[in-house]
Amino acid sequence: ATGTVRFNGVVTTQAAAAGLVTITNGGVLTITAGGDMNLEGAFLQDGAGTISTAGDITTTNDAITFTDEVTLTGAVALNSGAAGGTITFKDLLNGTQTLGLTAGTGNIDFDGVVGGVTPLGAVTVNSATNVTADAAFSAASFRQVAGSGTTTFTGALATTAAAAVEVDGTNFNFNNTVNLTLGSLDVDATGTVRFNGVVTTQAAA
């Protein structure tokens, strides 16, 4: 579409070989809270238009990809299945809402700045192999429940809420500054942990 695209109702695909959803939007793509997607195939947004979303997306072990800038307008949960497709944000990601990500054995990639204009709410990674944030990452809090590979923050990591940063997994690389306005930094790793930048906590208690 050269103009806008809007989903106000649930989208369901059931064909295992052809259940993907591809949206090539020239204008704004809007997914409302009622526009959840339950897909047998992959989800791909590959247009030049931006995305405004409050809808959840669930796939059956297939990738979820946003090519352009995303703004969260409501709580969003993305789930690519236990066998995992990669979840990718290729551009900026903003919005003061919560974001839950479940990639199973897939990866999670943040290619652009996260929360640079409006920091996200609580971000939760329920499962993934590798989690990679290539630029600055700002949110109320960051929680990783499980990870079997390596989680890497290349840019600065900043949180503002009391939940702060709590991560459980295998390997963690913090390659830039870590700044917690409130709360604590809690890292539980079965593998290696590396800090290459200054870590700052500001909560007195």
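This report covers the core, the aromatic pairs, some loop residues and a surface patch of one structure.

The model is predicted: local features need pLDDT of at least 70, side-chain atom pairs count only at pLDDT 80 or more, and totals for chains, interfaces and linings use all residues. Residues are numbered from 1 along each chain as its sequence is written, and side-chain values use heavy atoms, with hydrogens and water left out.

**Core**

The largest nonpolar core has 45 residues. Such a core is a set of buried Ala, Val, Leu, Ile, Met, Phe, Trp, Tyr and Cys residues joined through side-chain atoms within 4.5 Å. Buried means under 20% relative accessible area, exposed means over 50%, and partly exposed lies in between (1.4 Å probe, protein chains only). Met37, Phe43, Phe89, Leu99, Phe110 and Phe137 touch the most other members.

Phe43 has contacts (heavy atoms within 4.5 Å) with a list of residues beyond four places in sequence, including Val21, Ile23, Ile31, Met37 and Ile57. Thr65 is also on that list. Thr65 sits in strand S9, residues 64-66. Strands (E, at least two residues) and helices (H or I, at least four) are DSSP runs numbered from the N terminus. Thr65 counts as buried because its relative accessibility is 12%. Beyond four places in sequence, Thr65 touches Phe43, Leu44, Gln45, Thr88 and Lys90.

**Aromatic pairs**

Rings of Phe, Tyr and Trp (its six-membered ring) pair if their centres lie within 6.5 Å; planes under 30 degrees apart count as stacked, over 60 as edge-to-face and the rest as tilted. By this rule there are nine aromatic pairs. Phe66 and Phe89 are stacked, because their ring centres are 5.5 Å apart and their planes lie at 10°. This pair links distant parts of the chain: Phe66 is in strand S9, Phe89 is in strand S12 (residues 87-89), and 23 residues separate them. Phe137 and Phe142 form an edge-to-face pair, because the centres are 5.6 Å apart and the planes are at 85°.

| Residue | Relative accessible area | Class |
|---|---|---|
| Phe66 | 2% | buried |
| Phe89 | 3% | buried |
| Phe137 | 1% | buried |
| Phe142 | 1% | buried |

One aromatic cluster takes in Phe43, Phe66, Phe89, Phe110, Phe137, Phe142, Phe153, Phe174 and Phe195.

**Loops**

Most residues other than glycine have a negative phi. Asn61 has a positive phi, near 65°. Asn61 lies in the loop between strand S8 (57-59) and S9. At 35% relative accessibility, Asn61 is partly exposed. Ala164 also has a positive phi, about 50°, although it is not a glycine. Its loop runs between strand S20 (157-159) and strand S21 (165-169). Ala164 is buried, with a relative accessible area of 0%.

Val113 belongs to the loop between strand S15 (108-110) and strand S16 (120-127). Val113 is partly exposed at 30%. Beyond four places in sequence, Val113 is in contact with Asp91, Leu92, Leu93, Ala135 and Ala136.

**Surface patch**

Val193, Phe195 and Val199 make up a nonpolar surface patch with about 220 Å² of accessible area together. Patches are made of residues with over 30% relative accessible area and no salt bridge; like charges are joined within 9 Å, nonpolar side chains (Val, Leu, Ile, Met, Phe, Trp, Tyr) within 5 Å. A salt bridge is a side-chain nitrogen of Lys or Arg within 4 Å of a carboxyl oxygen of Asp or Glu. Areas come from the Shrake-Rupley method with a 1.4 Å probe; for residues, only the protein chains shown count as cover. Val193 lies in strand S25 (residues 193-195). Val193 is partly exposed, at 38% relative accessibility.
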